Amino acid sequence: MLPKPDRLFRRDSEWEELADFATSPANGATLGLVYGRRRQGKTLMLELLAEATGGMVFAATQQSEAQNLADLGSAYAAYRGLRQPVTFRDWREGLEELLRLGEERATPVIIDEFPYLVSSTPALPSYLQHALSPRGHAKERTRTRLILCGSALTTMAQLLGGGAPLRGRAVLELVVRPFGFRDAASFWGLTDDPELAFRVHALVGGTPAYLEMCGGSRPAAREDFDRWVRRRLLNPASAMFREGGLLLREEPSISDPTSYTAVLSAISAGSHRRSEIAAALGRPSGGLAHLLQGLRDIGLVEQVDDALRDKRSVFRIAEPVVRLHQLIIQRREPELVAGRAERVWWTSADTVASRIYGPHFEDLAREWCFLHASSETLGGIATAVRPSDIPCRAHRQGHELDLVITESDSFAADRIIAIGEAKATSGPMDAGQLHRLEHLRALLPDARIERQPKLLLFARSGFTAELTELARGRPDVELVDLARMYTGE
């Protein structure tokens, strides 16, 4: 196994997949795809892979076909130790030479920012299809491990879709995503203070490059947090100031950023169902399909199905920095540009609490159940963790349920093993939330229950003494605070 370089933080599973692909002793050239949004560390990881294996890296740029071919010739010559650049007449010739690099041993050949090449040479995937034909030289005589990398998510995903030329050719499709909340806390050096780690993650998420874009600084303590936000996130001179808006505009598949921005704004403000988003935009709900799908394709919005009611789903912002931009930076930009960040942040406290911290805490609670909670905690193994809306005859209204944890196997319908409530309020959770959850448990459909589901209570600010006493000795109740979310199971 190829050791992971010390410089690469976490990314253990990603490195293992790449190492297995790059060092495979199998005969024949193979193709792999690596993609994800910008600033996730893809290039660093691939450069470290090339360094560890003696592979070649070529980084394309936004320029003409002839210019990229010239740059490829220079990179190829430098890799081969040639004194003069090599001139490739066309991409067929260039690909043929790249694939010959693995004639003697398994050799990774990495083309970074591949979508730039496709934009100037649309036939390039077809050229690759031909170069990797089953009876061609690359498949018969080489062990080249060709990796195509890119940040244009739709372009990369379409390379292997439907009737695309490379459909069925790749043996690796690796999507590099932001760090989860636990890894993000460690990366930022905030593991000793879960509350501070939560606040930072709620605003900037788990994208590795954001630490550097914040000047390499993090809030030193909770008392420093507000000043850090004003200095690093709400400051027009900071690299982070416009990041939440640029994520949408840098994706080439988004041809009409204004309409997509409107959808992001509506979801950020609390319109989560399709009908609510349509009402906020003044459009028919049927006209939102392509906008919502486009935002899902580029990883800015996530569709979450209702756990108990078919064909009902909600849409949530998947990238915290987009939510911050939509709710505060974009709306208050004139004040921020005028240097009034302190006032903007202070007067936005209610918005931050209800529209940022609240939804984000619910998201982390679901992530914790799915990835970190033990089977003893949940009463089983979570295969899905989703919200729901449960009708109630007694109260003549529906009740929102933050978490419905289900377990499934190949031979039975999904079973509800636990339900939960998550509150990011500044005060401790009281016994009323436990009684409410007991009431909601009684409303669950009997057909989905084999044994009494557990009750999970998540509280950012802890629990009252009364609730703690009520939960003590009850095996069906779990109290989960931030410390447990960040370190326990």
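A cavity here is a set of grid points where a 1.4 Å probe fits but cannot get out, and its volume is the space filled by probe spheres set on those points. With that in hand, let's look around this predicted model.

The structure holds three cavities of 30 Å³ or more. Two helices, α9 (181–187) and α10 (194–204), each supply at least two of the lining residues, and α10 gives the most, with four. Sort that lining by class and you get nine nonpolar residues, two polar and no charged.

Now hop over to the largest cavity, which has about 100 Å³ of space. Among the residues around it are Arg37, Arg38, Glu250 and Glu251, as well as Leu153, Leu247, Ile298 and Leu300. By class, this lining has six nonpolar residues, one polar and four charged.

Six of its six residues are buried, so β1 is largely enclosed by the rest of the structure. Both of its faces are covered: Thr30, Gly32 and Val34 sit on one side, with Leu31, Leu33 and Tyr35 on the other.

What does β1 pair with? One partner is strand β4 (residues 144–150), which runs parallel to β1 and is joined to it by six bridges; there, Leu31 has Leu146 as its bridge partner. Strand β5 (residues 170–175) also pairs with β1 in the parallel sense, over five bridges, and Gly32 stands opposite Leu172 of β5.

Conventions
Residues are numbered from 1 along each chain as its sequence is written. This is a predicted model: local features need pLDDT of at least 70, side-chain atom pairs count only at pLDDT 80 or more; totals for chains, interfaces and linings use all residues. Side-chain values use heavy atoms; hydrogens and water are left out. On a 1 Å grid over the protein atoms alone, a cavity is a set of points where a 1.4 Å probe fits but cannot get out, and a pocket is an open set with protein on both sides within 12 Å along at least five of seven lines; lining residues have an atom within 4 Å of a point. Ala, Val, Leu, Ile, Met, Phe, Trp, Tyr, Cys and Pro count as nonpolar, Asp, Glu, Lys and Arg as charged, and the others, Gly among them, as polar. Buried means under 20% relative accessible area, exposed over 50%, partly exposed in between (1.4 Å probe, protein chains only). Two strands pair if DSSP finds at least two bridges between them.
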